[in-house]
Amino acid sequence: GRRPDLMASYVRGPARVSVPATSANLGPGFDTLGIALDLRDELEGEVLDHGGLEVRVEGEGSGEVALDETHLVVRAMHAAFDATGGRPPGLRLTCRNVIPHARGLGSSSAAIVGGIVLARELVEGGRTLLPDDAAFELAARLEGHPDNVAPALYGGFTIAGHTTDAFWATASPVAPEIGAVVFVPPDGVSTVAARGLLPETVPHADAAANAANAALLVAALAGQWQRLAQATGDLLHQDYREPAMPQSLGLVRALRADDYAAVVSGAGPTVLVLTTPDVDVETLGARCPAHWTTRVLRLGVVGASVVG
């Protein structure tokens, strides 16, 4: 085969990248709205002159995920290397994971975006060869939808979608007063299983109501935060997924009945509540079900970034 080093030259020494958890949908913005959360995985990579692949995983997913070519970060790195001139002879990768897996907090998007950005850092001139818009397109193609990869890469709150031939994303502001509390159950739900419960069609009135809520949510996050509870109402996907996560939907309903801006995070089963200055976070945290964990998180943090 061809010698990859004839095609691309690589950076000496390790590179480190940090990438945030994300929450998609936020209620009405199905497959469109996403926000970065300050829970971050860190990836460290180094090109090896000799062949081979060394993968270490610490934290979430340790002992569960594959440590070979099928590892999602490795697959994303290979895709980015292919886009910038070829794969290096060998690779050493360490993943320090804090984002829970299969919980609707964007762990797979973090792996994809983190891998692409890490590979880009390991190639001389990588940022020129694979600028952010191309990195986003590559990540969205690997993930299949752009709602989590956009905030994972760009940070902040993003609105994303796709035309027939390309993915797109745009940033929208988040008022600094708005935060989040997440309630994370002990067991995950696969995105595929959650998607499998969605109907082929929905009533026209439900689609119209969701469009109104999603538009209102953009305004609410930008500063009209008194409207957050109303703006996070959903009719398109959450209730249909109840068989896969009955306790999550029960919690969402109970919190919304008390005027909290509660939603299923991504494909679930994590429940996310957008908080405002008038929310007592301790009182809210006390609503956490037994054996679940709760975290208070900042919103709209920076996206994938080089560390050190």
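How many bridges join strand β7 to strand β9, and in which direction do the two run? I looked this up first. Five bridges join β7 (residues 179-184) to β9 (residues 271-275), and the strands run antiparallel. I take helices (H or I, at least four residues) and strands (E, at least two) as DSSP runs, numbered from the N terminus. Two strands pair if DSSP finds at least two bridges between them.

Ground rules. This is a predicted model, so I note that local features need pLDDT of at least 70, side-chain atom pairs count only at pLDDT 80 or more, and totals for chains, interfaces and linings use all residues. Residues are numbered from 1 along each chain as its sequence is written, and side-chain values use heavy atoms, with hydrogens and water left out.

**Sheet**

I traced the open sheet of four strands: its order is β8-β9-β7-β10, with antiparallel pairing. The edge strands are β8 (261-264) and β10 (293-298), each pairing on one side only. From one strand to the next, the twist averages 25°. In β9, valine 271 stands opposite phenylalanine 183.

**Helix α9 and serine 248**

I then turned to helix α9 (residues 246-257). It lies across β7, β8 and β9, running at about 165° to β8. Axes here are lines fitted to C-alpha atoms, for helices over the stretch in contact; angles run from 0 to 180 degrees between N-to-C directions. Serine 248 sits in α9. Is serine 248 buried or exposed? Serine 248 is buried, with a relative accessible area of 3%. Buried means under 20% relative accessible area, exposed over 50%, partly exposed in between (1.4 Å probe, protein chains only). Not counting residues up to four places away in sequence, serine 248 touches Pro269, Val271 and Trp292. Contact means heavy atoms within 4.5 Å.

**Cores**

I looked for nonpolar cores, which are sets of buried Ala, Val, Leu, Ile, Met, Phe, Trp, Tyr and Cys residues joined through side-chain atoms within 4.5 Å. The largest has 70 residues; Leu37, Met77, Val113, Ile116, Leu228 and Leu274 have the most contacts inside it. Helix α2 (residues 107-122) gives the most to this core, with nine residues. Apart from it lies another core, of 19 residues, including Ala194 and Leu255. Leaving aside neighbours within four places in sequence, isoleucine 116 is in contact with Ala76, Ala80, Leu130, Ala135, Leu138, Ala139 and Leu142.

**Record check**

UniProt lists residues 72-156 as "domain: GHMP kinase N-terminal" (unreviewed entry). Such annotations may be inferred rather than shown by experiment; positions are in the numbering used here, and feature names are shortened. I read 59% helix and 9% strand over residues 72-156.
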